[in-house]
Amino acid sequence: MIGRWWRRRLDARRISRRAIPDSLWESTLQCYPFLGRRSTADRQALRELTSLFLDEKEFSGAHGLEVTDAMAVAIAAQACLPALKLGLGIYARSVGVVVQPGAVLARRQVTDEFGLVHDYDEPLSGEAMEGGPVMLSWEDVADAGQSAEQGYNVVIHEFVHLIDMAGGSATGMPPLPDLQARRHWKMVMEAAYARLCRALESGEDSFLDPYGAEGLEEFFPVASEAFFVAPESLKAEQPALYELLAGYFQQDPASAA
Ligand SMILES: [Zn+2]
């Protein structure tokens with residue numbers, strides 16, 4: 001086991017090896033205002049964690065896309081936001097990121113009520129697989145500064161899937177310290193999820209993306225996107241859910257604004 005002091009020395013070497021130039025870091029914070037408005041201490045910690053992420057994870061471009069430093073820093077910084085206090089160990093089972101120029105069409109199949117099988121293409125802006133790379137559409141990542149107002153963020157969504165999977169299979173519950181914490185999580189999440197489903201059924205407006213109603217394993221990433229990029233809106237609509245996520249991620253983005 002590596003002592004803490006030694007660990008810090010190793011980290012410091014890796015951070016300096018992947019140090020992010022001031023101008024590149026500043027332009028990243030400008031492109032993604034939900035990063036820029038965090039406290040000075042959070043921004044500094046995020047910058048260091050981003051360097052460690054860039055040192056640990058592989059980036060590759062698909063379909064001839066060249067992943068520039070600016071693209072890698074943009075993705076890494078957003079991926080590190082949920083891990084700011086949890087540490088990068090939470091992403092230990094992911095190897096890296098594959099960046100696609102735009103959404104990818106995935107071949108899907110459904111069987112209807114008459115037993116007929118239908119093939120269709122579903123456009124994916126991102127995908128997280130256990131033990132595999134995270135796939136992201138650059139078009140969607142690049143739009144994350146604008147889409148934050150609606151609570152969307154593809155990078156945070158996919159990396160929160162990894163956090164969910166860090167505890168085993170994707171169930172909508174991350175690894176938690178004890179039974180009491182798991183019970184509390186289940187109670188708050190299920191109530192918040194039911195509230196979104198009810199709102200959609202009755203045609204009411206809901207800030208949370210309707211995609212979160214697909215299941216609890218989608219609700220956790222969808223709620224986390226809103227928590228990090230539009231914290232005031234989530235807090236206003238679902239205060240108990242906001243508190244649960246603030247406790248889990250050990251961050252309070254609504255007050256950092
Ligand atoms: Zn998802």
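User: Hi! Which loop is Pro 177 in?
Analyst: Pro 177 sits in the loop between α8 (154-165) and α9. Helices (H or I, at least four residues) and strands (E, at least two) are DSSP runs, numbered from the N terminus. This is a predicted model, where local features need pLDDT of at least 70 and side-chain atom pairs count only at pLDDT 80 or more, while totals for chains, interfaces and linings use all residues. Residues are numbered from 1 along each chain as its sequence is written.

User: Thanks! Is Pro 177 buried or exposed?
Analyst: Pro 177 counts as exposed because it has 7 C-beta neighbours inside 10 Å. The cut-offs are 20 or more other C-beta atoms within 10 Å of a residue's own for buried, 12 or fewer for exposed, and partly exposed in between, with C-beta atoms placed from the backbone.

User: And where is Asp 11 relative to Pro 177?
Analyst: Their C-alpha atoms are separated by 26 Å, and the two residues are 166 residues apart along the chain.

User: Let's move on to α9. How many residues does α9 have?
Analyst: α9 has 23 residues, running over residues 179-201. From first C-alpha to last, α9 reaches 32 Å, close to the 33 Å expected at 1.5 Å a residue. That expected span is 1.5 Å times one less than the number of residues.

User: Which residues of α9 are buried?
Analyst: Met 189, Ala 192, Tyr 193 and Leu 196 are buried in α9. The buried residues of α9 pack against α10 and α12 (239-249).

User: What follows α9?
Analyst: Gly 203 follows α9, and its phi is positive, near 75 degrees.

User: Back to the packing. At what angle do α9 and α10 pack?
Analyst: α9 and α10 (residues 216-229) pack at an angle of about 90 degrees, with their axes 11 Å apart. The axes are lines fitted to C-alpha atoms, for helices over the stretch in contact, and angles run from 0 to 180 degrees between N-to-C directions. α9 and α10 are therefore roughly perpendicular to each other. Under 35 degrees counts as roughly parallel, over 145 as roughly antiparallel, 65 to 115 as roughly perpendicular and the rest as oblique.

User: Which residues meet there, from α9 and from α10?
Analyst: On the α9 side they are Met 189, Ala 192 and Tyr 193, and on the α10 side Leu 216, Phe 219, Phe 220 and Ala 223. Being in contact requires C-beta atoms, placed from the backbone, within 7 Å. The contact of α9 with α10 has seven nonpolar, no polar and no charged residues. For these classes, Ala, Val, Leu, Ile, Met, Phe, Trp, Tyr, Cys and Pro are nonpolar, Asp, Glu, Lys and Arg are charged, and the others, Gly among them, are polar.

User: How do the axes of α10 and α12 cross?
Analyst: The axes of α10 and α12 cross at roughly 85 degrees and come within 10 Å. That makes α10 roughly perpendicular to α12. In this contact, Ala 223, Ser 224 and Phe 227 of α10 meet Leu 241, Tyr 242 and Leu 245 of α12. Those residues divide into five nonpolar, one polar and no charged.

User: How many residues of α10 are buried?
Analyst: Eleven of its 14 residues are buried, so α10 is mostly covered. Among them are Phe 219, Pro 221, Glu 225 and Val 229.

User: What about α5, how many of its residues are buried?
Analyst: Nine of the twelve residues in α5 are buried, including Ala 72, Ile 75, Gln 78 and Cys 80. The helix covers residues 69-80 and reaches 16 Å from its first C-alpha to its last, close to the 16 Å expected.

User: Which residues have the most contacts in the largest nonpolar core?
Analyst: They are Ile 75, Ala 76, Cys 80, Leu 136, Val 155, Phe 159 and Ala 223, in a core of 59 residues. A nonpolar core joins buried Ala, Val, Leu, Ile, Met, Phe, Trp, Tyr and Cys residues through C-beta atoms within 7 Å. Leaving out residues up to four places away in sequence, Phe 159 touches Ala 79, Pro 82, Tyr 91 and Val 134.

User: New topic: what is the phi of His 63?
Analyst: His 63 has a positive phi of about 55 degrees, although it is not a glycine. His 63 lies in the loop between β1 (58-61) and α5, and it counts as exposed, with 9 C-beta neighbours inside 10 Å.

Definitions and conventions. Contact = placed C-beta atoms within 7 Å.
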